[in-house]
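Hi,

Here is the structure I promised to pass on. Have a look at it first, and then read on for what turned up.

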Amino acid sequence: MRKIARDAEREEDSDADFKPLTADEARQLRERSPSISPWRVISGQALAGLLVALAAWGLTGRQNLGWSAGYGALSVVVPAAVFARGLTGRLSSLNPATAMVGFFVWEMVKMALTLAMLLAAPKLITALSWPAMLVGLAVAMQAYWVALMFAPKRK
C-alpha cells in the first residue's frame, strides 16, 4: 500500500527539476522543430483533389466523373479551410480552455459542413458518380501525408 505523502514528495521533486526555457533556448527549439501551416496542408489537399479530378476525367473521357471526383475533394477542402480559419482566429487562442472548446466547436462545424456537402451532391452534380466522388474524397483526406512529407525538415 502506498502512502500519499511519498507521492506528494515525488511530485515536489519533479517540480524542482523543472526549469523554464530561456528565450534563446525557446528560439533554438522552434528552429529544430518547425511547425507546419494548416494552409499548406489544405492547399496540398486541394492540389491532390484537382489532380484526381483531372485524372478521372482524362482517363475515362467522362466529364461527370471529373466533376464527381472534384466535388468529393471539395467536400474535404472547404470544411478543412473553415476549420483552420476558425482555429487560427483571435478568439480561439485567448486561453487553453477557450482553445479546447474552440477546437471541438470547429470540428463539429467541419463535420456538419462535410455532411451537408455530401447530401447536397446529387442536387449539385449532374449524373453524379458516387464511386468517383468517394475516390476524390479519400484522396483529399489522405493528402495531408504528402504535405507532411514535404514539410520543412528538422535541423
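Let me start with a pocket: H4 is the top contributor to the lining of the second largest pocket, giving eight residues. Before going further, please keep in mind that this is a predicted model.

That second largest pocket has a volume of about 230 Å³. Its lining counts 15 residues, and Gly 49, Leu 50, Ala 53, Gly 66 and Gly 70 are the ones nearest its centre. H3 and H4 are the elements that give two or more residues to this lining. By type, the lining splits into 11 nonpolar, four polar and no charged residues.

And the largest pocket? Here the volume is about 310 Å³. The lining has 16 residues, with Gln 45, Val 76, Ala 80, Lys 110 and Met 141 nearest the centre. H4 again gives the most, this time six residues, while helix H3 (38–60), H4, H5 and H6 each bring at least two. The lining of the largest pocket comes out as 12 nonpolar, three polar and one charged.

Of its 155 residues, 27% count as buried. If you take the contacts between residues at least 6 apart in sequence, 73% of them join residues at least 24 apart. The accessible surface is about 11,100 Å², and carbon and sulfur atoms account for 68% of that.

The largest nonpolar core has 11 residues, among them Tyr 71, Val 76, Met 117, Ile 125, Leu 128 and Leu 137. Helix H4 (63–87), H5 and H6 are the elements that supply two or more residues to this core. There is also a second, separate core of six residues, including Val 52, Ala 56, Leu 65 and Ala 132.

Val 76 is worth a click, as it belongs to the largest core and is also one of the residues nearest the centre of the largest pocket.

Leu 128, another member of the largest core, touches Ser 68, Ala 121, Pro 122 and Met 133, leaving aside its neighbours within four places in sequence.

One backbone detail to finish: which residue has a positive phi although it is not a glycine? That is Ala 127, with a phi of about 55 degrees. Ala 127 sits in the loop between helix H5 (96–124) and helix H6 (130–142).

Cheers

Definitions and conventions: Residues are numbered from 1 along each chain as its sequence is written. This is a predicted model: local features need pLDDT of at least 70, side-chain atom pairs count only at pLDDT 80 or more; totals for chains, interfaces and linings use all residues. Side-chain values use heavy atoms; hydrogens and water are left out. Helices (H or I, at least four residues) and strands (E, at least two) are DSSP runs, numbered from the N terminus. A nonpolar core is a set of buried Ala, Val, Leu, Ile, Met, Phe, Trp, Tyr and Cys residues joined through side-chain atoms within 4.5 Å. Buried means under 20% relative accessible area, exposed over 50%, partly exposed in between (1.4 Å probe, protein chains only). Contact means heavy atoms within 4.5 Å. Accessible areas come from the Shrake-Rupley method with a 1.4 Å probe; for residues, only the protein chains shown count as cover. On a 1 Å grid over the protein atoms alone, a cavity is a set of points where a 1.4 Å probe fits but cannot get out, and a pocket is an open set with protein on both sides within 12 Å along at least five of seven lines; lining residues have an atom within 4 Å of a point. Grid points are joined across faces, edges and corners, and a volume is the space filled by probe spheres set on the points. Ala, Val, Leu, Ile, Met, Phe, Trp, Tyr, Cys and Pro count as nonpolar, Asp, Glu, Lys and Arg as charged, and the others, Gly among them, as polar.
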